[in-house]
Amino acid sequence: MAEIGTDIGRAAAFLQAGQVVGIPTETVYGLAGNALDPDAVLSIFRVKNRPSFDPLIVHTDSLEKVFQFVSAIPAPARQLAQAFWPGPLTLLLPRRSVIPDLVTSGLPSVAVRVPHHPLTLSLLRALPFPLAAPSANPFGYISPTTAQHVADQLGGQIPYILDGGPAQVGLESTIVGFDEQGPTVYRLGGLALDQIEAIIGPVSVRTHSTSNPAAPGMLSSHYAPRKPLILLPPGQSPPPADRVGALVFREPFGGIPSDRQRILSPVGNLNEAAKNLFAHLRALDSLPVDVLYAEPLPNQGLGFAMNDRLRRASVRK
Ligand code: TXA
Ligand code: MG
């Protein structure tokens, strides 16, 4: 069983030995390995049971270091990096050959980000290589926002989980790429669209894909609990029933026992709701209920990304 602790030196030693460890970030916990070592990267895919067509994000501690892994940074990418790193933003940039094919699934661009977490930034500064890290959950399941979530699902397969407390943002990073058509968002996430547009102007959003996705987070069924989840139309309540769970924004529904409901933010704060989203979904998933209902969030700020996750979680495999 994985050891859970706050010892950066210990985490670094496992990583230098080619092993994979759980790491905290502000978005969700990652399953990290040496991004420049194909064997370590293979271990990440194996532990996650992840298809190899799904490329990984490379994590480093500064924009300066990103130049070691990419051949160019377009002006809007640099502006975004300067505005939001460290933070919940991933940039797709043309890769250098030092990044193994396995990391990018053979794609010409590599996803990079500088995460905003003191322990993980110290770890990255201490290591002579960047870390490839997908979210530390089995492929297709809800992302982990605590060290315990990682231990519950992957603890038997990894030696160490660096415990940085509950993730402060709670949604995976927003992914932005740059091509002839200009900046494009490929995954809505912890950095809201309006914050991005405030820096670089209008961006296109292309977060849906049926086959051969640029990002499997684009797959229609993803981020899903084991129980069927029904995303309610706005303003609608679930039918009264006993064996159901409900995820609500501010107030519980009538007709469902209160211990089977989880409130995202009683005061109606979308950032607080995002921080609670995945932990609440996990808690609901482990209740003795047959089906989960979720109320949609207001379409503003992080509400768009949360509704995106709930929509994908509601698609049956
Ligand atoms: O917040 C996050 O981004 C977290 C933390 C741990 O940093 N990581 C994360 O990784 O969510 P993952 O692997 O669960 O999701 C990364 C997404 C995938 O959908 C993947 O397909 C996409 O990023 N991606 C990675 N590299 C890509 C590339 N070169 N081109 C297009 N999409 C890419
Ligand atoms: Mg993931």
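The model is a predicted one. We start with E26, a buried residue, and then turn to helices α9 and α10, which pack at an angle of about 20 degrees.

**The loop residue E26**

- You can find E26 in the loop that runs between β2 (21-23) and β3 (30-34).
- E26 has a relative accessible area of 4%, and because buried means under 20%, E26 counts as buried.
- The side chain of E26 makes a polar contact with the side chain of R113, at 2.9 Å.
- Leaving aside residues up to four places away in sequence, E26 touches residues including G87, P88, R113, H116, A167 and V169.

**How α9 and α10 pack**

- Helix α9 covers residues 270-285 and helix α10 covers residues 303-313, and their axes lie 10 Å apart.
- Their angle is about 20 degrees, and angles under 35 degrees count as roughly parallel, so α9 and α10 are roughly parallel to each other.
- The crossing of α9 past α10 is left-handed.
- From α9, the residues L270, A273, A274, L277, F278 and L281 meet G303, M306, R309 and L310 of α10.
- Sorted by class, this contact has eight nonpolar residues, one polar and one charged.

**How α10 is covered**

- Is α10 mostly covered or mostly uncovered? It is mostly covered, with nine of its 11 residues buried.
- Among the buried residues of α10 are M306, N307, D308, R309 and L310.
- The elements covering these buried residues include helix α9 and the strands β10 (182-187), β12 (229-231), β13 (244-248) and β15 (291-294).

Conventions. Residues are numbered from 1 along each chain as its sequence is written. Chains are lettered from A and ligands numbered from 1 in the order in which they are written. This is a predicted model: local features need pLDDT of at least 70, side-chain atom pairs count only at pLDDT 80 or more; totals for chains, interfaces and linings use all residues. Side-chain values use heavy atoms; hydrogens and water are left out. Helices (H or I, at least four residues) and strands (E, at least two) are DSSP runs, numbered from the N terminus. Buried means under 20% relative accessible area, exposed over 50%, partly exposed in between (1.4 Å probe, protein chains only). A polar contact is a pair of N or O atoms within 3.5 Å; within protein, one must be able to donate a hydrogen and the other to accept it, and residues adjacent in sequence count only if both atoms are side-chain atoms. Contact means heavy atoms within 4.5 Å. Axes are lines fitted to C-alpha atoms, for helices over the stretch in contact, and angles run from 0 to 180 degrees between N-to-C directions. Angles under 35 degrees count as roughly parallel, over 145 as roughly antiparallel, 65 to 115 as roughly perpendicular and the rest as oblique. A crossing is left-handed if the near helix is turned anticlockwise from the far one by less than a right angle, and right-handed if clockwise. Ala, Val, Leu, Ile, Met, Phe, Trp, Tyr, Cys and Pro count as nonpolar, Asp, Glu, Lys and Arg as charged, and the others, Gly among them, as polar.
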